[in-house]
Amino acid sequence: MSAKVLISGASIAGPALAHWLGRYGFEVTVVEQAPALRDGGQDVDFRGRTHLTVLERMGVLDELRALGTGGSPMTFVGPDGRQLLHLPAEFAGGDVEVPRGELAQLLHRHSSARAEYVFGDSITALEETPSGVRVAFRHGAPREFDLVIGADGLHSNVRRLAFGPEQRYVRHLGYYAATWQLPNTLGLPVGGVGLNVPGRLMSVGAAHRDPGRAGAFCLFASPELRYDRHDPGQEKALIRAAFAGLGWRVPQLLESLDAAPELYFDSISRADVPTWSTGRIALLGDAACGATIGGMGTGTAVVAAYVLAGELARARGDHRAAFDRYEKLLRGYAQGCQKGGDRTGPFLAPRTTAGLRFRNALLNRRWALDKMLELGRQVSSVELPDYDGELARGPKVRG
């Protein structure tokens, strides 16, 4: 009898884990509160040997390269439209950059044959029993699983239920960010062009797949705000207030908010959980060690899914040993990647005119760009076991 594993979250970390667990013979269920896979979102990237090795072992690297955008150049301009700084495509795009929605669809496709997906539902209670975890759902009947994994992001529901309130673990880093889609009525090129003033960035660029569509991205410095994260109207009001009075294309972009089919808005924050597991429940990806933007969260989530599944398979039913090895192997690596999120806001929107001038002067030099790219590759590298090879030499793995 294979172990039954419930994964909360069907964005990136959850389907990646479902792929590996299904491959190793576990009985996997993925529950996602959204009614379907979420489309849209910012492009995400993978960089360095570790990311590419895991993607290759998953059997998805060639598909991702075929979906690749080639990277997205970014140009920063001042209020008069004059260019202040240009970052080439490889700076943000890493070795492989893909639209987030397309990555989610690919991972779902590769995992769905071996995993049950339940959309439009969420976990409301977790109760450990001598033999497993009894799970109550908002809509579905209660069920019991051997293990529960929270792969449900920075605002993790599983973490809240099993570890305690979010405020214990999530720290605001002084900025908010938002993205939304709009028609490309301005004839914009692919990539981003953004107005940069102290503490604020508003950018827009054509979509890679459809030049008739564009994506807006904004970021602004702010103390922690009180608002309903499930109310787009409140979020749009906060964005309008933050960018009121600016020229360039800002008024048009703010006007496009009303018709935006989907808005992403969140604080730039980081999660720091002292231990990633409790009993039969563990955390994965941003729920355990996340940063909203700039912390290489997508690549880290895919690497962590590979390690967690591999350790569970290697442990042959001893989940405590598996959770312990998973955390020992990855905590330092994940925290190293996560530090990039601390710098994202100050890098994209320095709070002072002097800070803007310093960043622009530094990064207008090619050697400085190359140095930052190399540091990114180094941070995203860690030695990983070859679980497939190791397990193939032993008896058939069951949960």
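I took a charge as over a ring if NZ of Lys or CZ of Arg is within 6 Å of the ring centre and within 35 degrees of the ring normal. Arg-351 lies over the face of Tyr-175, 4.9 Å from the ring centre.

The model is predicted, with local features needing pLDDT of at least 70 and side-chain atom pairs pLDDT 80 or more, while totals for chains, interfaces and linings use all residues. Residues are numbered from 1 along each chain as its sequence is written, and side-chain values use heavy atoms, without hydrogens and water.

I next looked up aromatic pairs and noted 11 (rings of Phe, Tyr and Trp, its six-membered ring, with centres within 6.5 Å; planes under 30 degrees apart are stacked, over 60 edge-to-face, the rest tilted). Trp-20 and Tyr-306 have ring centres 5.0 Å apart and planes at 70 degrees, so the pair is edge-to-face. This pair joins helix H1 (residues 13-23) to helix H10 (residues 297-315), 286 residues apart (helices are DSSP runs of H or I, at least four residues; strands of E, at least two; both numbered from the N terminus). Trp-20 is buried at 0% relative accessible area, and Tyr-306 is buried at 1% (buried is under 20%, exposed over 50%, partly exposed in between, with a 1.4 Å probe and protein chains only).

I then checked Tyr-176 and Tyr-227, an edge-to-face pair with 6.3 Å between centres and 70 degrees between planes. Tyr-176 is in strand E12, and Tyr-227 in the loop between strand E15 (213-221) and helix H7 (232-243). Both are buried. Tyr-176, Phe-220, Tyr-227, Phe-243 and Phe-265 form one aromatic cluster.
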